[in-house]
Amino acid sequence: MKTFYDFYHNPVKLSFEDHPFSKSPKHVWVICRYQDQWLLTKHKDRGLEFPGGKVEEGESARDAAIREVKEETGAEIEKLTYVGQYMVEGKGGTIIKNVYYAVVSHLTDQNHYFETHGPALLQELPKKIKHNKRYSFMMKDEVLPECLLKINNEA
């Protein structure tokens, strides 16, 4: 288990074990690849980030991940893999989030991308993403680099 602080100095615990904090988390985050590129979404307020969001009533976290990627980018997932889970203890309460890795089969243009401006494709993620104002706070703590290491080690 890794412990660190997020962009807002909240304590974060990240684990690659099987659902160590909750068997039914209320949030998901999906690191996506499409044709050798990173597939992100342009959040209307936060900036560029990987798709994700809340698990709806009666929905599994896995189903939420598939739905959120579709809603925010128009992508169809070919393969979805559980990577890990993290817990953030913030001022507004505790958030537990599953992290997934998705290989996307294709993108479809949509009339509406919910709270985002749609997909963004990148060849590479910036080296100094923590200091890049174009990117969401969710891309700026240790969750992303630790999860990328895990994904790369399993590839």
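In strand E6, Lys54 is the bridge partner of His27, and three bridges join E3 to E6 (residues 52-54) in an antiparallel run. Strands here are DSSP runs (E, at least two residues) and helices are DSSP runs too (H or I, at least four), numbered from the N terminus; two strands pair if DSSP finds at least two bridges between them. This is a predicted model, in which local features need pLDDT of at least 70 and side-chain atom pairs count only at pLDDT 80 or more, while totals for chains, interfaces and linings use all residues. Residues are numbered from 1 along each chain as its sequence is written, and side-chain values use heavy atoms, with hydrogens and water left out.

**Strand E3 and its partners**

- E3 and E8 pair in the parallel sense over seven bridges, and Cys32 stands opposite Ala102 in E8.
- With E4, E3 pairs in the antiparallel sense over three bridges; there, Arg33 has Trp38 as its bridge partner.
- E3 and E4 also form a hairpin with two residues between them, and Gln35 in the turn has a positive phi of about 50 degrees.
- Eight of the eight residues in E3 are buried, where buried means under 20% relative accessible area, exposed means over 50%, and partly exposed lies in between (1.4 Å probe, protein chains only).
- Both faces of E3 are covered: one side holds His27, Trp29, Ile31 and Arg33, the other Val28, Val30, Cys32 and Tyr34, and all are buried.

**The whole chain**

- The chain has two helices and nine strands, in the order β-β-β-β-β-β-α-β-β-β-α from the N terminus.
- The radius of gyration is 14 Å, close to the 15 Å that the globule rule gives for 155 residues, so the chain is as compact as a globular protein of that length. That radius is taken over C-alpha atoms, and the rule is 2.2 Å times the number of residues to the power 0.38.
- Along the principal axes, the C-alpha atoms fill a box of roughly 40 × 40 × 35 Å.
- Buried residues make up 50% of the 155 residues.
- Of the contacts (heavy atoms within 4.5 Å) with a separation of 6 or more, 66% are between residues 24 or more positions apart.
- The UniProt record, an unreviewed entry, carries the annotation "domain: Nudix hydrolase" over residues 11-145; its positions are given in the numbering used here, feature names are shortened, and annotations may be inferred rather than shown by experiment.
- Over residues 11-145 the chain is 12% helix and 47% strand, with the end C-alpha atoms 17 Å apart.

**Nonpolar cores**

- A nonpolar core is a set of buried Ala, Val, Leu, Ile, Met, Phe, Trp, Tyr and Cys residues joined through side-chain atoms within 4.5 Å.
- The largest core has 26 residues, and the members touching the most others are Ile31, Leu40, Phe50, Leu125, Met139 and Leu144.
- Among the elements that each supply at least two residues of this core are strands E3 (27-34), E4 (37-43) and E8 (93-107), and helix H2 (143-154). H2 gives the largest share, five residues.
- Leu40 touches, among others, Leu48, Phe50, Pro119, Leu125, Tyr135 and Met139, not counting residues up to four places away in sequence.
- A second, separate core of 16 residues includes Val30, Val55, Ala64 and Val69.
- In soluble globular proteins, nonpolar side chains tend to be buried together.

**Cysteines**

- A search of the whole structure finds zero disulfides, a disulfide being a pair of cysteine sulfur atoms within 2.5 Å.
- Cys32 is buried, with a relative accessible area of 0%, and Cys147 counts as buried at 0% relative accessibility.

**Two residues worth a look**

- Arg67 lies in helix H1 (residues 61-73) and counts as buried at 16% relative accessibility.
- Leaving out residues up to four places away in sequence, Arg67 touches Lys54, Val55, Glu56 and Glu59.
- Leu107 is found in strand E8 and is partly exposed, with a relative accessible area of 26%.
- Leu107 and Tyr34 are 73 residues apart in sequence, yet 8.5 Å apart in space, C-alpha to C-alpha.
- Beyond its neighbours within four places in sequence, Leu107 is in contact with Tyr34, Leu39, Thr73, Gly74, Ala75 and Leu121.
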